[in-house]
Amino acid sequence: MEESGDLYDVHETNDPSSWEDQHPQCLQDVAKVECLRRKIKYYFMNPCEKYHARGRKPWKLILQIIKIAIITIQLVLFGLSNQMVVTFKDENLMTFKHLFLKDYVDGGIDPYAVYRQADVYDHIEYVIQQYQLLHNITVGNHEYEKKDSVYTPLLVCKDFYRNGTIYPSNETFEIDAHVDTECLRVYPQPVHEALPHFKLDFIRLISVKITFVLKAINLQTVRHRELPDCYDFTLIITFNNQAHSGQIKVDLENEVDINECREWKVTGAYGRSIYLTVLFDCLIIIMCIISFALCMRSVITGIQLQLEYSHYCRKHFGKELLWSDKLEFVSGWYILIIVSDTLTIIGSVLKIEIQTKVLTSYDVCSIFLGTGTMFVWMGVIRYMGYFKKYNILILTLRAAFPNVIRFICCAGIIYLSYCFCGWIVLGPYHEKFRTLNTVSECLFSLINGDDMFSTFKNMKQKNSLVWMFSRVYLYTFVSLFIYMILSLFITLITDTYDTIKQQQQSGTPTSELQKFLSECKDLPNSGVYRLDKNNSCFLNCFINRCRKYRTRERLTSEA
């Protein structure tokens with residue numbers, strides 16, 4: 001009889017009194033170890049192997065495939081709905097610019113601005129006139145806002161320094177930095193010719209802001225079997241004179257608030273469709289809950305096996321289990337599916353509330369549904385990894401991840417140093433270096449070889465010293481990151497890939513856990529795992545040993 005050498009050393013004997021009868025406690029311990037091996041080996045089997053081992057149908061795999069299909073359909077439907085919302089916002093913003101900005105031209109290269117005092121008054125008057133003539137000029141369903149049956153007014157507010165005398169010719173000035181604000185209310189009424197009691201002192205003027213609210217209903221959703229939303233558009237038209245450079249920039253901002261319509265009635269074939277959509281979302285929630293429960297059960301099973309194996313190592317080897325082996329029992333794929341199910345459930349609940357117009361949080365819902373769908377599709381890689389030719393990608397990513405993180409931390413420090421230097425030195429002379437955000441985007445584009453020539457060319461040559469510095473700065477950055485750091489990063493991934501490939505070809509165990517499992521020679525279709533399912537491990541192992549003993553005794557007597 002032959003046993004595993006890591007625990008006991010048992011040799012063949014011709015003595016009719018068997019070793020098992022003399023050492024019943026050792027027999028029990030060996031049986032427990034073999035049972036533990038089989039349980040752990042079964043836990044790491046793929047769905048096909050588990051089916052051959054115990055005849056268990058791959059319900060989890062089937063559920064994940066169905067879930068991927070219906071979640072993708074849900075995301076596409078919500079994406080089309082969200083696209084209508086975004087289109088409605090963008091088209092209204094463009095409409096407001098053409099309605100309320102005088103002589104506005106789409107896609108103008110120069111900034112929309114005014115340069116003369118008379119033009120400022122004309123543009124302000126134009127906004128007010130267009131606001132009062134809204135019903136006669138707009139082709140949409142825009143309407144003024146009402147509160148308590150009273151229209152809310154348009155506000156014209158000017159910000160200016162409290163006191164100030166400026167004499168550029170004498171290079172003298174006196175200014176009170178305190179900012180005062182004066183506002184004028186204009187209600188929808190017949191057009192007047194001029195702004196009463198509204199004069200602008202351009203020397204002290206900081207800005208003029210025109211604020212008003214318009215309401216509209218997005219009716220296009222009716223044709224797509226959705227309830228229309230009611231929109232509140234808060235328009236802010238700003239005449240910016242903070243620089244006092246002789247150019248007053250004019251900008252229109254549109255703050256959108258989506259609300260549930262108070263009263264609505266839709267006739268036709270719409271009513272049945274909304275209930276079918278809600279029912280489809282409820283089906284997704286139910287499937288995600290089932291998937292969540294199955295994956296949680298697998299995670300708990302893995303933790304229990306990890307505790308049993310840790311106890312085995314402490315008892316027989318007197319050492320703690322390595323963290324790398326502990327993490328083998330906690331499948332990251334199950335964690336990924338659990339997170340995706342949680343996000344999808346939350347997103348589906350929000351989607352149902354949006355469909356029934358209880359909520360209108362399109363952005364929040366899109367984040368949950370989009371992230372959940374992304375994780376669901378990433379989870380498909382787990383099943384691709386059951387094939388050796390595809391598994392090498394997963395193994396390489398997992399093995400290289402710690403080294404990649406350490407490498408990125410070191411490279412990130414150098415990257416940040418270039419960001420800060422470029423922002424403070426080149427910012428005044430190059431548009432791509434005006435803010436830290438644009439600097440980071442520009443340098444990351446340079447690493448990928450994008451827009452490299454224009455970055456060099458657009459550097460202003462007003463200061464020869466800064467121009468020379470920019471050349472040294474850009475050449476050293478490109479040489480360091482493209483030719484050295486990026487090459488080292490690729491080499492790091494390549495070395496890990498070669499190592500994993502060699503390990504797969506050799507087939508030798510690379511960890512204590514793999515060595516422990518390699519001693520279990522029971523194949524999935526051997527039938528032993530079915531006995532483990534129906535009987536206790538010790539009883540099963542005891543029966544097998546009794547059969548071996550009887551066979552050996554019979555052969556000895558015949559000899």
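Analyst: Happy to! One term first: a residue counts as buried under 20% relative accessible area, as exposed over 50%, and as partly exposed in between. Also keep in mind that this is a predicted model.

User: Okay, let me try that on Glu 171. Is Glu 171 buried or exposed?
Analyst: Glu 171 has a relative accessibility of 73%, so it counts as exposed. You'll find Glu 171 in the loop between S5 and S6.

User: What is the phi of Glu 171?
Analyst: Its phi is positive, about 55 degrees, although Glu 171 is not a glycine. Most residues other than glycine have a negative phi. The hairpin of S5 and S6 has four residues between its strands, and Glu 171 takes its positive phi there.

User: Let me zoom out. How many helices and strands does the chain have?
Analyst: The chain has 17 helices and nine strands. It has 559 residues, and 39% of them count as buried.

User: Now the inside. Which residues have the most contacts in the largest nonpolar core?
Analyst: Those are Phe 100, Ile 124, Ile 210, Phe 212 and Ile 237, in a core of 43 residues. Elements giving two or more residues to this core include H4 (59–100), H5 (117–132), S7, S8 and H10 (362–384).

User: Where does that core lie relative to the domains?
Analyst: Domain 1 (53–81 + 273–386) and domain 2 (104–260) both give residues to the core, so it lies between them. There is also another core apart from it, with 20 residues, among them Cys 419, Leu 443, Leu 474 and Phe 477.

User: I'm clicking on Phe 100. What is it in contact with?
Analyst: Leaving aside neighbours within four places in sequence, the contacts of Phe 100 include Tyr 126, Val 127, Phe 212, Leu 214 and Ile 237.

User: Can you tell me about H10? Which of its residues are buried?
Analyst: Among them are Tyr 362, Cys 365, Leu 369, Gly 372, Phe 375 and Val 376. H4, S9 and H9 are included in what covers the buried residues of H10.

User: How far apart are the end C-alpha atoms of H10?
Analyst: They are 34 Å apart. At 1.5 Å a residue, the 23 residues of H10 should span 33 Å, which agrees.

User: Changing topic: is Thr 496 buried or exposed?
Analyst: Thr 496 has a relative accessible area of 11%, so it is buried. Thr 496 is in H14 (residues 464–506). Not counting residues up to four places away in sequence, Thr 496 touches Thr 396, Ala 399 and Ala 400.

User: Last one! How far apart are Val 33 and Tyr 312?
Analyst: They are 279 residues apart in sequence, and 8.1 Å apart in space from C-alpha to C-alpha. Val 33 belongs to H2 (residues 24–43) and is buried, with a relative accessible area of 5%. Lys 32 also lies in H2, but Lys 32 is partly exposed at 49%. From Lys 32 to Tyr 312, the C-alpha distance is 9.8 Å.

How values were computed:
Residues are numbered from 1 along each chain as its sequence is written. This is a predicted model: local features need pLDDT of at least 70, side-chain atom pairs count only at pLDDT 80 or more; totals for chains, interfaces and linings use all residues. Side-chain values use heavy atoms; hydrogens and water are left out. Buried means under 20% relative accessible area, exposed over 50%, partly exposed in between (1.4 Å probe, protein chains only). A nonpolar core is a set of buried Ala, Val, Leu, Ile, Met, Phe, Trp, Tyr and Cys residues joined through side-chain atoms within 4.5 Å. Domain bounds come from an automatic or database domain assignment. Contact means heavy atoms within 4.5 Å. The expected span of a helix is 1.5 Å times one less than its number of residues. Two strands pair if DSSP finds at least two bridges between them.
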